[in-house]
Structure formats: structure tokens, C-alpha cells
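User: Hi! I'm new to reading protein structures. Could you walk me through this one?
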Amino acid sequence: MIICHICGHSNNPEINHCEKCGARLPKLDPRTTGAAGQARQTGKYERLRTAVMKVKTGEQSWMDFQDWFQGFYDDIMGRIQGLVDSIHQSHGPGWNYYEEFTEEVEATFSGVEDYETSLNQIWQAIESSDLVLAQAAVKLFLRGAEKLNDALVLNGETQRKLEDGWGYM
């Protein structure tokens, strides 16, 4: 069950909005907890690292990399926006998500900041054909993934505490 952070209603995990109050439900995808989450977040890193390595070895041109990177960038930025929107919605009337779960929120925003910075650095690397900058950006992207993994673990702990506190599950 997914617990609404606004009204406390227990909802079916397949839905996106609370059945009682209509608030967007912050979801913890079970595939993103523990080792599976580590693999999922670092999987994005591996895709990016592999693409940059293809440029380094000459298997892929900067132009081809740019085409690939646009799709990767759009996917990551869409996921970031959904995550940020979910956190902002969890800060509605009667709910102090930021104050109650500061460590989780800070880990999330810190990871998001690293993602955004690294993606912007990749665009700069593409414009200047700067392989060193691209490789540094990949390392920063991994650091962001690690922070987001930490936030996912904290989110799972938060979800369990809420369920225990409200008597669910």
C-alpha cells in the first residue's frame, strides 16, 4: 500500500493520485530499493560512461554522441522534474515533508543538482569536443546517482515508519 502524505489514506500501489484527496502519491518503486536500486541508478551511469568511452575510442563521433545524448538528457530531465514535483506536492497544507524528512529531501536535491550540473557539463563538452570535461561530468553523474540511491533508501525507511505509525501493513 502507498500512504498519502497529505491525508494518510492507504492507496493501491498502482495509482498515482490519492483516492481520498487527489494528491499526487510519492512512490517508492520497489525495483529501486537496496541492491536493485543501486543497479538501476548506476545503470544510467553505465550507459553514459559507455557512450563517452565510445567517443574516446573513436567508435562514435561527437555528432553521433550528441544525437544519443539528447534522448538520454530528455529522459533524465523528465525524471528529475517528476521527482521534484512530487517533493513539492508533498509540502502541502498540513504536511511538512521538508521539515520531517530533511535528510531524504536534501539527499534528493543534492543528487538532482549533481545530475543537472553533469548534464550541462556534457553539453559543454559536446560543444567544445572536450573529452576530459565529458569524463569529469560522468564522474559527477555517478556521484549524483549515489546520492539519489541514498535518498531512495531513506524514502523506503520513511514509508515504513509512516505505515507503522499509522497502523498500516
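Analyst: Happy to! Of the 169 residues in the protein, 41% are buried. Keep in mind that this is a predicted model.

User: What secondary structure does the protein have?
Analyst: There are five helices and two strands. Starting from the N terminus, the order is β-β-α-α-α-α-α.

User: Which residues have the most contacts inside the largest nonpolar core?
Analyst: Those are Leu48, Phe65, Phe69, Ile122 and Phe141, in a core of 26 residues. Helices α1 (34-57), α2, α4 (102-128) and α5 (131-166) each supply at least two residues of this core. The most come from α2, which gives eight.

User: OK, so which residues of α2 are buried?
Analyst: Among them are Trp62, Phe65, Phe69, Phe72, Tyr73 and Ile76. As for spacing, residues three or four places apart in an α-helix point the same way, because there are 3.6 residues a turn.

User: What does Phe65 touch?
Analyst: Leaving out neighbours within four places in sequence, Phe65 is in contact with Leu48, Ala51, Val52, Val55, Gln60, Ile122 and Ile126.

User: How far apart are the ends of α2?
Analyst: Its end C-alpha atoms are 39 Å apart.

User: New topic: where is Ser129?
Analyst: Ser129 sits in the loop between α4 and α5. Its phi is near 50°, a positive value in a residue other than glycine.

How values were computed. Residues are numbered from 1 along each chain as its sequence is written. This is a predicted model: local features need pLDDT of at least 70, side-chain atom pairs count only at pLDDT 80 or more; totals for chains, interfaces and linings use all residues. Side-chain values use heavy atoms; hydrogens and water are left out. Helices (H or I, at least four residues) and strands (E, at least two) are DSSP runs, numbered from the N terminus. The expected span of a helix is 1.5 Å times one less than its number of residues. Buried means under 20% relative accessible area, exposed over 50%, partly exposed in between (1.4 Å probe, protein chains only). A nonpolar core is a set of buried Ala, Val, Leu, Ile, Met, Phe, Trp, Tyr and Cys residues joined through side-chain atoms within 4.5 Å. Contact means heavy atoms within 4.5 Å.
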